[in-house]
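Me: Hi! Could you walk me through this one in plain words?
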Amino acid sequence: MMTIRETVLAALHARLQPLAALTLRDDVLPERIPASGLITLRDGQPGEPDVTLSPLRYHYQHRAELEVVVQAGTGRGSAFDDLVAAIGAALEADRTLGGLCDWVEPEAPASVDLPVEGAAALKAAVITVVLHYSTTGPLA
């Protein structure tokens, strides 16, 4: 049986699958970045929960991370912007991940251009996605 934490993270990963970019979960950076871009979901940290006692519930603001990478010689900025906008639209279309979360809130990316010797440069960012959900226990 999957924990609520794992169920929520799996739902977030599934929500990003229809995007044109290759979407991975907790995987290593591949040797080649697909032309459509790459999104890698990192599980992140659930943090310290707020606790209510009656009934006993643990309320998390889990900070998952999306590593977003685009590689292109020209048009890298617009390709990156298009991918970030597509991620935003996918998350805004269902802010509760089918009722599994109270709320899903992405934070703005801080992008960086990375030169690659002998290849087109990369544009990358980490987008933190805050997942608000509750459980009956810290291991549930």
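Reply: Happy to. One term to begin with: buried means under 20% relative accessible area, exposed over 50%, and partly exposed in between (1.4 Å probe, protein chains only). Also, this is a predicted model, where local features need pLDDT of at least 70, side-chain atom pairs count only at pLDDT 80 or more, and totals for chains, interfaces and linings use all residues. Residues are numbered from 1 along each chain as its sequence is written, and side-chain values use heavy atoms, with hydrogens and water left out.

Me: Okay, is Val 51 buried, partly exposed or exposed?
Reply: Val 51 counts as partly exposed, because its relative accessibility is 42%. You'll find Val 51 in strand β3, residues 50-53. Helices (H or I, at least four residues) and strands (E, at least two) are DSSP runs, numbered from the N terminus.

Me: What does Asp 43 meet in a salt bridge?
Reply: Its partner is Arg 25, at 2.9 Å from N to O. Asp 43 sits in strand β2 and Arg 25 in strand β1, so the pair ties together parts 18 residues apart in sequence. Asp 43 is partly exposed at 24%, and Arg 25 is partly exposed at 22%. Glu 6 is linked with Arg 25 and Asp 43 in a network of salt bridges.

Me: And what about Asp 113 and Arg 76?
Reply: Their side chains also meet in a salt bridge, 3.3 Å from N to O. That pair links distant parts of the chain, with Asp 113 in strand β6 (residues 112-116) and Arg 76 in helix α2, 37 residues apart. Asp 113 meets Lys 123 in a salt bridge too, at 3.6 Å. Lys 123 is in strand β7, and 10 residues separate it from Asp 113 in strand β6.

Me: Is Lys 123 buried or exposed?
Reply: Lys 123 counts as buried, because its relative accessibility is 15%. Asp 113 is partly exposed, at 42%.

Note on methods
Salt bridge = Lys/Arg side-chain N within 4 Å of Asp/Glu carboxyl O.
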